[in-house]
Amino acid sequence: MTVRGKVAIVGVGLAGLAGEERHSAMGLSALAATRALADAQLSLVDVDGLFASSSSQNFPAMSAAEYLGIQPRFVEGAMVGGSSPQQHVLTAALALEAGLCDVALVLYGSNQRSAGRSLQSRAEPQFLEDINAPRNPIGSYALAAARHMHQYGTTRAQLDEVIVAAREWAILNPRARANRPITAGELAAATPIADPFTSFDCCLVTDGAGALVLTRAERAADHAHIPAYLLGAAGTVTHRQISQMPDLTRTGAAFTGPAAFAMAGLDTGDVDLVSLYDAFSINTILFLEDLGFCPKGEGGAFVSNGAIAPGGRLPVNTNGGGLSFLHPGMYGIFLIIEAVEQLRGTCGERQVKGAQVALAHGNGGVLGAQATTIFGTGATL
Amino acid sequence: MPETASVMPDLSPEERFLDALEAGRIEMQFDPRTGRDIFPPRSIVPGTGEVEIGWRDADPQGTIYSATIIRDREGRAQHMLVLVDLAGGARLMGQIAGGALGAAIGTAVRARAGRIADQPAILFDVAETET
C-alpha cells in the first residue's frame, strides 16, 4: 500500500503572529485550528482525528482535545520535536486511509516569546550533558556547523548567504517578524554566541500557532481551495543528544529524503520549492545536501551567489523561515503551511510561479529527528 | 582485567559511572563482543540488546571531533565546548580544562575525571606533544 495521493491538506490556519500574542500556547493552537477548519469549510464538530505536539506541554493531545471540546476517535501525540507535524501528517494519512478518522486536525502552538522562555524547549536532562553548559540548542548546532566547516571547507560567507536569503524572502512576506534588510556590516559586526554562530545564525523566538486539516483525496476537491495532496513522506530518528549523533555532517534526512521521493515517484529536479527547518543557518546547508539537492559537502557552494534567495535557481524557505519569519519553540508545521499556500498560488509577492510540487522538511531536537513531506497539486496525481 | 557486569548490579549503570567519576576515575562500559566503549551508560548493549556488558577504566586518549566557544551576551568567551572521540570508541561532550580556548578540531586530548561547578565532570587536557 502507498499513501501517495490518498490524502490532501484542505485547510490551513495561523495564529499568534504580531499583534495577537495575548494567548496561552493552547489558546493560540485553538485559534489556528478554527481558522484551518474555516479555511476548509468545516467546523470542530467534523474533527474526528486529532494530532498535537507541543514544546511546553507533556500531554499535548489530551490538552488539545479538552480545550477544543472534542472527543476524537483517533489521537496521536508523537513527540519528535520540530519534525512532529511532518510525522503527524504521515500518521494522519494512514489513519484516514484506514478509515480510523475522516477529518484529521494537526496542530501546534506556542507563546514562547510572550511567556519569556528561551530557545530551549521542554526537555529531559541528558547524562553528563548540562554540566558542560552547552547552551542548548545553540551549542549543539554550533558543534555541527564547526564540524561541517572543518570537514568540507564551508565558510562564514556561505552561512551568511543562508541568512540573507531567508531575510530577502521574509521581506516579501507581510507576516514575517524580521523584515528589515540585513547589511554586510551588521553581519560582520554581529556578537558571537557560540562559534561560528552569531545571533543572525539562530532562529527567532516568537509566539505562533499553526493547524492543518486533512481529508481523503476523494473529498478533497469539495473544499474551497486547491488541495495539497500528500505525495510522499518519511521520518526517522538518529539520536537524542548531540554527542550521540553518528556523523555531525550527515542527518537522518539522508534517509527520509530518498524515502519520501521514492514514495512520491519524483526526484529533486521535480521540486518547485523547498521548505527546510532552519533553526540555525547550518541546517539549510545540511538538509540541501542530505535531501539530495547537491552532493555532501557542497551545500555551501550550492547556496552561494543568491541561489536560494528570491530570483535564485531554487526557492528555499520562501516564507522567510525560522530565521526571519517566526519560530515559536518548534517550527515544523509552518513549513507545511507554506508548502500548501504556495501550491494554492496565494503567496502574493513571494509566490513561486506555477508551483506544482513542494517539499517541507522538519527537524527535531538537536538534528536527531528528521521527517520529509512532499506535496503536489492535482496535476501531479 | 576488565570485569563483566552481572545482570543484577547493586547500582544502576548511571550510578556506577557517577560514583567512579566522583572517586576520580572514568569507568566506561564496553561491549565484550566488539570491545567498543558504550556511552552513556545503559542496561543493554545498544543495537543488539545483549545484557552482558563489561566495565573498564577508559582509555583517556582522544581527539577533538568538534569544538565551539560558548560566549555570554556580550560575546565574551565562557569556555570551550568539545566533542571528543576516545580511543575506545565513545564520543563524549566536555570542556577543555583550565579555560584554554585555542584547541582545534583534530587536536589530541586526554580525558580525566574533574569537577565543574563542584559537580563531577569529564574534563579534557590538550595532550602534550612529543618533542
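**Conventions.** I worked from a predicted model, in which local features need pLDDT of at least 70, side-chain atom pairs count only at pLDDT 80 or more, and totals for chains, interfaces and linings use all residues. Residues are numbered from 1 along each chain as its sequence is written, and chains are lettered from A, with ligands numbered from 1, in the order in which they are written.

**Entry 1: chain A overall.** I looked up the secondary structure of chain A and found twelve helices and eleven strands; helices (H or I, at least four residues) and strands (E, at least two) are DSSP runs, numbered from the N terminus. The radius of gyration of chain A is 19 Å, close to the 21 Å of the globule rule for 381 residues, so chain A is as compact as a globular protein of that length. The radius is taken over C-alpha atoms, and the rule is 2.2 Å times the number of residues to the power 0.38. The C-alpha trace of chain A spans about 50 × 45 × 40 Å along its principal axes. I noted that 60% of the 381 residues are buried (20 or more other C-beta atoms within 10 Å of a residue's own; exposed means 12 or fewer, partly exposed in between; C-beta atoms are placed from the backbone).

**Entry 2: H4 and H9 of chain A.** I examined helix H4 (residues 138-152) and helix H9 (residues 281-290) of chain A, whose axes come within 9 Å and cross at roughly 55°. That angle makes H4(A) oblique to H9(A). Angles under 35 degrees count as roughly parallel, over 145 as roughly antiparallel, 65 to 115 as roughly perpendicular and the rest as oblique. Axes are lines fitted to C-alpha atoms, for helices over the stretch in contact, with angles from 0 to 180 degrees between N-to-C directions. From H4(A), A:Tyr141, A:Ala144, A:Ala145 and A:His148 meet A:Ile282, A:Ile285 and A:Leu286 of H9(A); contact requires C-beta atoms, placed from the backbone, within 7 Å. These residues divide into six nonpolar, one polar and no charged. Ala, Val, Leu, Ile, Met, Phe, Trp, Tyr, Cys and Pro count as nonpolar, Asp, Glu, Lys and Arg as charged, and the others, Gly among them, as polar.

**Entry 3: the interface.** I found 21 residues of chain A in contact with 24 residues of chain B. H4(A) gives the most to the side of chain A that touches chain B, with six residues. That side divides into twelve nonpolar, five polar and four charged residues.

**Entry 4: cis peptide bonds.** I recorded a cis bond from A:Asn136 to A:Pro137, with omega near 0°; A:Pro137 lies in the loop between strand E4 (104-110) and H4 of chain A. The bond from A:Asp195 to A:Pro196 is also cis, with omega near 5°.

**Entry 5: chain B.** I counted one helix and nine strands in chain B. Of its 131 residues, 29% count as buried. In the loop between strand E8 (108-116) and strand E9 (119-126) of chain B I found B:Ala117, which has a positive phi of about 50° although it is not a glycine. B:Ala117 is exposed, with 7 other C-beta atoms within 10 Å. B:Asp118 is in the loop between E8 and E9 of chain B, with phi near 65°. B:Asp118 is exposed, with 6 other C-beta atoms within 10 Å.

Technical notes: Contact = placed C-beta atoms within 7 Å.
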